[in-house]
Amino acid sequence: MGVPEKFLTVAGLIEYPIFDMTDLIKTIPLGVWALTLSWLIVGCESPRDAKLVLPELVSTRTEVSFEHDVQSVLDRRCVVCHSCFDAPCQLQLGSLEGVRRGASQDSIYDTTRLLPQQPTRLGIDAVDEAGWRELGFHRVVGTGSEERGVLLDMLALGRARPVEPGVPLPADFPLALSRELACPAPNELESYVDSHPTGGMPYGTAPLGEDELDVLVAWLDGRASPASALE
């Protein structure tokens, strides 16, 4: 390191040499600096910055009925938002027909449009699933082991980042009617989770009870009775 260029005087009595470290720093390999920097980044990373992994939801039920089990849960916890003509993502959960229609990324009310918009009325503008796909709607219920489905992933996200019961929502929690809605298709779920970590279902309300979640997971896993399955 060479001869010290400066001295530090302590209490006016003792002098400590101060060395020029420039030459020593230059001898440290670049790889060592890169590794040290990566350790610092990982060490300072907040848990909120880590990639969110959705939990695997498993039901204890072997079979459920849409009419007697599923619909009652949807009526209690979901249709308060997902029942009207302008429901978020046009997803109406008040009937099996609405579930079959699925969700759309098109907004019902767009004050900037100048031309008429294709209506999407249940039972009128399309009568089967193929017709709704032609109108831009995507499935929200999976097709088996190959596809989990948007609804199941939304419930898993809500389970991963639940709203705390009895505690006011944060002041910056998006609730405004004018907020921009995100309506991810099945292939967009990963980016949705990354950008909307608190956007799981039920949105902005207390988490589902264990029995309620058990029913919905069994249904979305394909265990609905044949009479009410989404064939």
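C89 sits in the loop between α3 and α4; the model in which it is seen is a predicted one. With a relative accessibility of 15%, which is under the 20% cut-off, C89 counts as buried. The backbone of C89 has a phi near 60°, a positive value in a residue that is not glycine. Q90, which is also not a glycine, has a positive phi of about 55°. Q90 is likewise found in the loop between α3 and α4, and at 3% relative accessibility it counts as buried.

P88 belongs to the loop between α3 and α4 as well, but it is partly exposed, with a relative accessible area of 22%. Leaving out residues up to four places away in sequence, P88 touches C81, H82 and L181. The C-alpha atoms of P88 and A182 are separated by 8.8 Å, although the two residues are 94 residues apart along the chain.

**The disulfide and other cysteines**

Which cysteine is joined to C89 by a disulfide? The partner is C183, with an S to S distance of 2.1 Å. This pair links distant parts of the chain, since C89 is in the loop between α3 and α4 and C183 is in the loop between α6 and α7, 94 residues away. The torsion about the S-S bond of C89 and C183 is about -90°, so the disulfide is left-handed. Both C89 and C183 are buried. The count for the model comes to 1 disulfide.

C78 is in no disulfide, and the nearest cysteine sulfur, that of C81, is 8.9 Å away. At 16% relative accessibility, C78 counts as buried. The sulfur of C84 is 8.8 Å from the closest cysteine sulfur, in C81, and that is too far for a bond. C84 counts as partly exposed, at 42% relative accessibility.

**Accessibility of the loop residues and cysteines**

The table gathers relative accessibility values for residues discussed in this report.

| Residue | Relative accessibility | Class |
|---|---|---|
| C89 | 15% | buried |
| Q90 | 3% | buried |
| P88 | 22% | partly exposed |
| C78 | 16% | buried |
| C84 | 42% | partly exposed |
| S59 | 7% | buried |
| G102 | 0% | buried |

**Two further loop positions**

G102 is placed in the loop between α4 and α5 (129–134), and its relative accessible area of 0% makes it buried. Not counting residues up to four places away in sequence, G102 touches Q90, L91, F137, H138 and V140. G102 and W132 are 30 residues apart in sequence, while their C-alpha atoms are 7.9 Å apart in space.

S59 lies in the loop between α2 (30–44) and α3, and at 7% relative accessibility it counts as buried. The side chain of S59 reaches the backbone nitrogen of R61 at 3.1 Å, and it also reaches the backbone oxygen of D214 at 2.9 Å.

**The nonpolar core and its helices**

The largest nonpolar core has 35 residues, and those with the most contacts inside it are V70, L74, L151, L216 and W219. At least two residues of this core come from each of α3 (66–77), α4 (96–101), α6 (150–160), α7 (189–195) and α8 (210–223). Leaving aside neighbours within four places in sequence, L216 is in contact with V70, V73, L74, L155 and L208.

In α3, the buried residues are F66, V70, Q71, V73, L74 and R77. These residues cover an arc of only 155° around the axis, which puts them on the same side of α3. At the start of α3, a side-chain oxygen of S65 reaches to within 3.4 Å of the backbone nitrogen of E67.

How much of α6 is buried? This helix is mostly covered, with 9 of its 11 residues buried. The buried residues of α6 are V150, L151, L152, D153, M154, L155, A156, L157 and G158.

**A cis peptide bond**

The peptide bond from M201 to P202 is cis, with omega near 0°, and P202 is found in the loop between α7 and α8.

How values were computed:
Residues numbered from 1 in each chain as written. Predicted model: local features only at pLDDT ≥ 70, side-chain atom pairs only at ≥ 80, totals over all residues. Heavy atoms only, no water. Core = buried A, V, L, I, M, F, W, Y, C linked by side-chain atoms within 4.5 Å. Buried < 20%, exposed > 50% of the residue type's maximum accessible area, 1.4 Å probe, protein only. Helix = DSSP H or I, 4+ residues; strand = E, 2+ residues; numbered from the N terminus. Contact = heavy atoms within 4.5 Å. Polar contact = N/O pair within 3.5 Å; in protein donor to acceptor, adjacent residues only side chain to side chain. Arc of directions from axis to C-beta. Disulfide = S-S within 2.5 Å.
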